[in-house]
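This briefing describes the chain displayed below, for a reader who wishes to relate its residues to its fold. The points are grouped by topic.

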Amino acid sequence: QVQLVESGGGLVQPGGSLRVSCEASTSFFSIYVVDWYRQAPGKQRELVAGINSGGTTNYADSVKGRFTISRDNAKKMVYLQMNSLKPEDTAVYFCNVHHTRRGIADYWGQGTQVTVSS
């Protein structure tokens, strides 16, 4: 069973920075797409950023220019660097590792809380 372990969440003031990480246990990590989603209270889960096996990235409009997703295949790690954080970034952040065809492989972490507040 593949496990994803997120870390790095916490409380930060508006304008601050935080980096969340996700470590995967699968040996096929390098071929998978990795996405970060977030879910705020009372809202639907939304895609924040993604990175494919070739390193191509995509971002939600709301985080472009502020967030950066990266991966280290040797360590089976993915990172989300979050800068210029806003209160509306407050949410539980989830790591999602999956094949391009989700029916083949689709794994989720348990989430890490990010709170942006003064």
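The model is predicted. Its protein chain has zero helices and 11 strands. One disulfide is counted in the structure, and the largest nonpolar core has 30 residues.

**Overall fold**

- From the N terminus on, the order of elements is β-β-β-β-β-β-β-β-β-β-β.
- The radius of gyration of the protein chain is 14 Å, which agrees with the value near 13 Å that a compact globule of 118 residues would have.
- The C-alpha trace spans about 40 × 25 × 25 Å along its principal axes.
- Of the 118 residues in the protein chain, 42% are buried.
- When contacts between residues at least 6 apart in sequence are considered, 54% of them join residues at least 24 apart.

**Nonpolar core**

- In soluble globular proteins, nonpolar side chains tend to be buried together.
- Within the largest nonpolar core, which has 30 residues, those with the most contacts are Trp36, Phe67, Val78, Leu80, Met82, Tyr93 and Cys95.
- At least two residues of this core come from each of β3 (18-24), β4 (33-39), β5 (46-51), β7 (67-72), β8 (77-82), β9 (91-98) and β11 (112-116).
- Methionine 82, one of the core residues with the most contacts, touches Gly16, Ser17, Leu18, Val20, Arg66, Phe67, Tyr93 and Val114, when residues up to four places away in sequence are not counted.

**Disulfide**

- A disulfide joins cysteine 22 and cysteine 95, whose sulfur atoms are 2.2 Å apart.
- This pair links distant parts of the chain, with cysteine 22 in strand β3 and cysteine 95 in strand β9, 73 residues apart.
- The disulfide of cysteine 22 and cysteine 95 is left-handed because the torsion about its S-S bond is about -80°.
- Cysteine 22 counts as buried because its relative accessibility is 1%, and cysteine 95 counts as buried because its relative accessibility is 0%.

**Aromatic pairs and charges over rings**

- The whole structure contains two aromatic pairs.
- One of these is a tilted pair of tyrosine 37 and tryptophan 108, with 5.0 Å centre to centre and 50° between the planes.
- Tyrosine 37 lies in strand β4 and tryptophan 108 in strand β10 (residues 106-108), so that the pair links distant parts of the chain, 71 residues apart.
- The accessibility of the two partners is 15% for tyrosine 37, which counts as buried, and 35% for tryptophan 108, which counts as partly exposed.
- Arginine 45 places its charged end over the ring of phenylalanine 94, at 3.8 Å from the ring centre.
- Arginine 71 lies over the face of phenylalanine 29, 4.8 Å from the ring centre.

**Positive phi in residues other than glycine**

- Lysine 76 is in the loop between β7 and β8 and has a positive phi near 55°.
- Serine 84, at 39% relative accessibility, counts as partly exposed.

**Two buried residues, one in a loop and one in a strand**

- Valine 63 is found in the loop between β6 (57-59) and β7, yet this residue is buried, with a relative accessible area of 1%.
- Beyond residues up to four places away in sequence, valine 63 touches Arg38 and Val48.
- The C-alpha atom of valine 63 is separated by 15 Å from that of arginine 45, a residue 18 places away along the chain.
- Serine 21 is in strand β3 and is buried, with a relative accessible area of 9%.
- Contacts of serine 21, leaving out residues up to four places away in sequence, are with Val5, Glu6, Ser7, Trp36, Met77, Val78 and Tyr79.
- Among these partners of serine 21 are Trp36 and Val78, which are also listed with the core residues that have the most contacts.

Conventions. Residues are numbered from 1 along each chain as its sequence is written. This is a predicted model: local features need pLDDT of at least 70, side-chain atom pairs count only at pLDDT 80 or more; totals for chains, interfaces and linings use all residues. Side-chain values use heavy atoms; hydrogens and water are left out. A nonpolar core is a set of buried Ala, Val, Leu, Ile, Met, Phe, Trp, Tyr and Cys residues joined through side-chain atoms within 4.5 Å. Buried means under 20% relative accessible area, exposed over 50%, partly exposed in between (1.4 Å probe, protein chains only). Helices (H or I, at least four residues) and strands (E, at least two) are DSSP runs, numbered from the N terminus. Contact means heavy atoms within 4.5 Å. A disulfide is a pair of cysteine sulfur atoms within 2.5 Å. Rings of Phe, Tyr and Trp (its six-membered ring) pair if their centres lie within 6.5 Å; planes under 30 degrees apart count as stacked, over 60 as edge-to-face and the rest as tilted. A charge sits over a ring if NZ of Lys or CZ of Arg is within 6 Å of the ring centre and within 35 degrees of the ring normal. The radius of gyration is taken over C-alpha atoms; the globule rule is 2.2 Å times the number of residues to the power 0.38.
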